[in-house]
Every structure is written in C-alpha cells, then in structure tokens.
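Please consult the sequence and the structure shown below while reading.

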Amino acid sequence: MAALHQNVVKEPGTRPGRFFFHVHDGFYYHLHASTKTRDFYKCVRSQRGCRARATSGADGFRHSITDHNHAADPWFSQEIALKNSILKACEEVRGRPFKEVIAELCEPFPEEVRNRVNIHVFKEAMQRAAASSVQLE
C-alpha cells in the first residue's frame, strides 16, 4: 500500500483486518489494489452496483469519472463504529441478551445511526463474535 495522502482517512471495518477509506465527503471506499506509488479504491457499495472508483497518491485523492449511483452517506462511519463496539461487547460479555447490548451501546449515537442497527440484521454477526470469544479461552 502506498503512503496515505494527508486527506485520506483510514478506519476499521467490521471484519478483522478490513478497513474503509474516505475524505469526509460522505463516500466510502475499500482498498482494491496497490502499487508503490498509488492506491486504487472501489466504493463500499460496489456489490450493490456502484461503479465509482478512486485513486490516491502523491498528487492527492481523486474520484473517478464514474459517479456513484447513490447519495453521499454522512452516517456510514458512525454506523461502522457502532457495529464494531457492539461486536466487541459481544466478545467480552457473555450471557447478556443481544437486545440489551444494542440498546446500551446505541444510546449515545444519533437516531439516524441507531435506526440502521437492529437485532434481526446483526444477530448472526453478534453470535459469531460471542462464539469466537468462547473458542479463544
């Protein structure tokens, strides 16, 4: 991976060793490929049909010619941070109902972020996180 340009922010994703990148414009990317001098990114929604790409290098961060097929998402970064805190809590605290964990950790986040995290969508990931902590002991 090339050195990150000063405007590019790297944040942890929900899977170990995965990250997403952004430049505070509401669009988020996964690293797709790298050379010594340039990184190539795909939109995090590429599996949903978004063909937007970006590159970064010494000359800065550049969006591709292809536009995103969705609006900018100002809440994505906070949503991932909330999901990561929920998964970490599931690894650390066993025997606590998942609904309780979600309710407690969602409290400080804005409603727009809280509405994106629900037990029905996130339950399997929470179960995997809880099970992984049991296997480590």
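Arginine 38 stands opposite glycine 57 in strand E5. Strands E4 (residues 38–43) and E5 (residues 53–57) are antiparallel and share five bridges. The coordinates come from a predicted model.

- Six strands make up an open sheet in the order E1-E2-E3-E4-E5-E6, and their pairing is antiparallel.
- Strand E1 (9–12) and strand E6 (60–63) are the edge strands, each of which pairs on one side only.
- On average, neighbouring strands of this sheet are turned by 35° against each other, direction ignored.
- Helix H1 packs on the sheet, where it touches E1, strand E2 (19–22) and strand E3 (28–34). The direction of H1 makes about 160° with that of E2.

**The hairpins**

- E1 and E2 run antiparallel and are joined by four bridges; lysine 10 has phenylalanine 21 in E2 as its bridge partner.
- Six residues lie between E1 and E2 in their hairpin, and glycine 17 in the turn has a positive phi of about 80°.
- E2 and E3 are also joined in the antiparallel sense, over two bridges. Phenylalanine 21 is here the bridge partner of tyrosine 29 in E3.
- The hairpin of E2 and E3 has five residues between the strands, and histidine 24 in its turn has a positive phi of about 60°.

**Helix H1**

- H1 has 17 residues and spans 25 Å from its first C-alpha to its last, close to the 24 Å expected at 1.5 Å a residue.
- The buried residues of H1 include Phe76, Ile80, Leu82, Ile86, Leu87 and Cys90. Ser77, Glu79 and Lys83 are buried in H1 as well.
- An α-helix has 3.6 residues a turn, so residues three or four places apart point the same way.

**The largest nonpolar core**

- This core has 18 residues, of which Leu82, Ile86, Phe122 and Met126 touch the most other members.
- Helix H1 (76–92), helix H2 (98–106) and helix H4 (119–136) each supply at least two residues of the core. H4 gives the largest share, six residues.
- Apart from this core lies another, of seven residues, among them Phe21, Tyr41, Ala54 and Phe61.
- In soluble globular proteins, nonpolar side chains tend to be buried together.

- Isoleucine 86 lies in helix H1. Isoleucine 86 counts as buried because its relative accessibility is 0%, and the cut-off for buried is under 20%.
- Leaving out residues up to four places away in sequence, isoleucine 86 touches Val101, Ile102, Leu105, Val117, Phe122 and Met126.
- Isoleucine 86 and phenylalanine 122 are 36 residues apart along the chain, and their C-alpha atoms are separated by 9.5 Å.
- Methionine 126 is in contact with Ile86, Leu87, Cys90, Phe98, Ile102 and Ile119, its neighbours within four places in sequence left aside.

Conventions. Residues are numbered from 1 along each chain as its sequence is written. This is a predicted model: local features need pLDDT of at least 70, side-chain atom pairs count only at pLDDT 80 or more; totals for chains, interfaces and linings use all residues. Side-chain values use heavy atoms; hydrogens and water are left out. A nonpolar core is a set of buried Ala, Val, Leu, Ile, Met, Phe, Trp, Tyr and Cys residues joined through side-chain atoms within 4.5 Å. Buried means under 20% relative accessible area, exposed over 50%, partly exposed in between (1.4 Å probe, protein chains only). Contact means heavy atoms within 4.5 Å. The expected span of a helix is 1.5 Å times one less than its number of residues. Two strands pair if DSSP finds at least two bridges between them. Axes are lines fitted to C-alpha atoms, for helices over the stretch in contact, and angles run from 0 to 180 degrees between N-to-C directions.
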